[in-house]
Amino acid sequence: MGKIKVGLIGCGGVAFWAHIPTLKQFNDAVEVIAVCDIIKERAEHAARELGASHVFTDYKELVKLDGLDMVDICTPNYMHSEITVSALNAGLNVFCEKPDAISVEQVLAMKEASEKSGKHLMVMRNNRFVAESQYAKSFIESGKCGDIYAGRCGWIRRRGIPGKGGWFTTKELSGGGPLIDLGVHMLDLAMWMMGNPTPVAVSGSTYTKFAKSSTGSDSMHAGFGDSNEDGTFDVEDLAIGMIRFDNGACLQVECSWASNIAEERAFVELRGDKAGLTWDWEGLSIFTEDFNSTTDIKPIIERTAIDIDGHIKNLRHFIYDVLRDGKEPMFKPIQGVNMVKMLTALYESAKRGEEIKL
């Protein structure tokens, strides 16, 4: 087959940091023919980087373009579902940045549009693709962990609020704070390693303590989004929760943009009756039944808080494996539905002060 024709929608931080370099790297398999951003200068910049011949400020015009095979969506959260559904209905395959959507209705619409169109939909799950994650998944599937019955995961920052006063901190546009921004990464990784059990009940608490803080950032990721000193901050800066699954397992989660802790950390810890493991930025450690026996799998690649190599591998899987070679996608839209149901229920639990059954 010829090159896959791609339209890039959203030309902000994550596009220039991860997607544009990746699409340029895949020039043997893809050709980006169109870009879109509501800020024309950003779209023109992206077009120059990618050699795209069509520049749009309205995604509705881009998805009507003849010859497109797929779109890559890198917009703020609240637009993910609307653009995805429009593109699928236009007969295009879709790769979308996380989170899937900001409401259950939106994510269900995405799944339905994918099924009706027969086109592929994948939402970014980059942490599944790093070397330590792949090793851990294989280790678990070999049965060496035994029954995984409990876990703990999170992404906690000391100081790292992205785009303060902009869309990141405006619930109507983002859907929430660090839970939906960072939690989706670690929750997905933990649940994928556990075999994607279905969540059946959640309990959560959220706090907003640093909205008025002027303390600087120690996280490279605070640079995402456009800040606005006079803007809105109506989301949490800390979320803590507990999820119960249909197989009896449970998972704790903690996510923060700002907390008085030692340092920023992202982690997944799983407990099995034969072995347990800890995944974090230092590598992967596996703890066996013999208390004195541990295996430390060091990182194969040097990586920072969000691993760009994971983004590359995720996009490679979608473009080369799924679209070009017809292989089964690692991500299924139902996993996105379960994720958004879980996230929105955690927020509802925090609001109502009680457990929410799904």
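Which residue in S6 does valine 94 stand opposite?

Guide: Valine 94 stands opposite leucine 121 in S6. The model is a predicted one. Strand S5, residues 93-96, pairs with S6 in the parallel sense, over three bridges. These two strands belong to an open sheet of six, ordered S3-S2-S1-S4-S5-S6, with parallel pairing. Strand S6 (121-123) is an edge strand, as is strand S3 (54-56), and each of them pairs on one side only. From one strand to the next, the twist averages 20°.

A polar atom of the lysine 98 side chain lies 2.6 Å from the backbone oxygen of aspartate 181. With neighbours within four places in sequence left aside, lysine 98 is in contact with Asn77, His80, Val123, Met124, Arg125, Asp181, Val184 and His185. Of these, Val123 falls within the residue range of S6, while Asp181, Val184 and His185 fall within that of helix H8 (residues 178-193).

The largest nonpolar core has 112 residues, of which Val35, Leu187, Met193 and Ile319 touch the most other members. Helix H8 supplies the largest share of this core, 11 residues. Leucine 187, leaving out residues up to four places away in sequence, touches Cys153, Leu179, Ile243, Leu251, Val253, Met339, Met342 and Leu343.

A disulfide is a covalent bond between the sulfur atoms of two cysteines. The count of disulfides here is zero, with the cut-off for a sulfur pair set at within 2.5 Å. For cysteine 250, the closest cysteine sulfur is that of cysteine 153, at 11 Å, so the two sulfurs are too far apart for a bond. Cysteine 250 counts as partly exposed because its relative accessibility is 24%. The sulfur of cysteine 74 has its closest cysteine sulfur in cysteine 11, 7.9 Å away, which is also too far for a bond. Cysteine 74 counts as buried, at 7% relative accessibility.

How values were computed
Residues are numbered from 1 along each chain as its sequence is written. This is a predicted model: local features need pLDDT of at least 70, side-chain atom pairs count only at pLDDT 80 or more; totals for chains, interfaces and linings use all residues. Side-chain values use heavy atoms; hydrogens and water are left out. Two strands pair if DSSP finds at least two bridges between them. Helices (H or I, at least four residues) and strands (E, at least two) are DSSP runs, numbered from the N terminus. Axes are lines fitted to C-alpha atoms, for helices over the stretch in contact, and angles run from 0 to 180 degrees between N-to-C directions. Buried means under 20% relative accessible area, exposed over 50%, partly exposed in between (1.4 Å probe, protein chains only). A polar contact is a pair of N or O atoms within 3.5 Å; within protein, one must be able to donate a hydrogen and the other to accept it, and residues adjacent in sequence count only if both atoms are side-chain atoms. Contact means heavy atoms within 4.5 Å. A nonpolar core is a set of buried Ala, Val, Leu, Ile, Met, Phe, Trp, Tyr and Cys residues joined through side-chain atoms within 4.5 Å.
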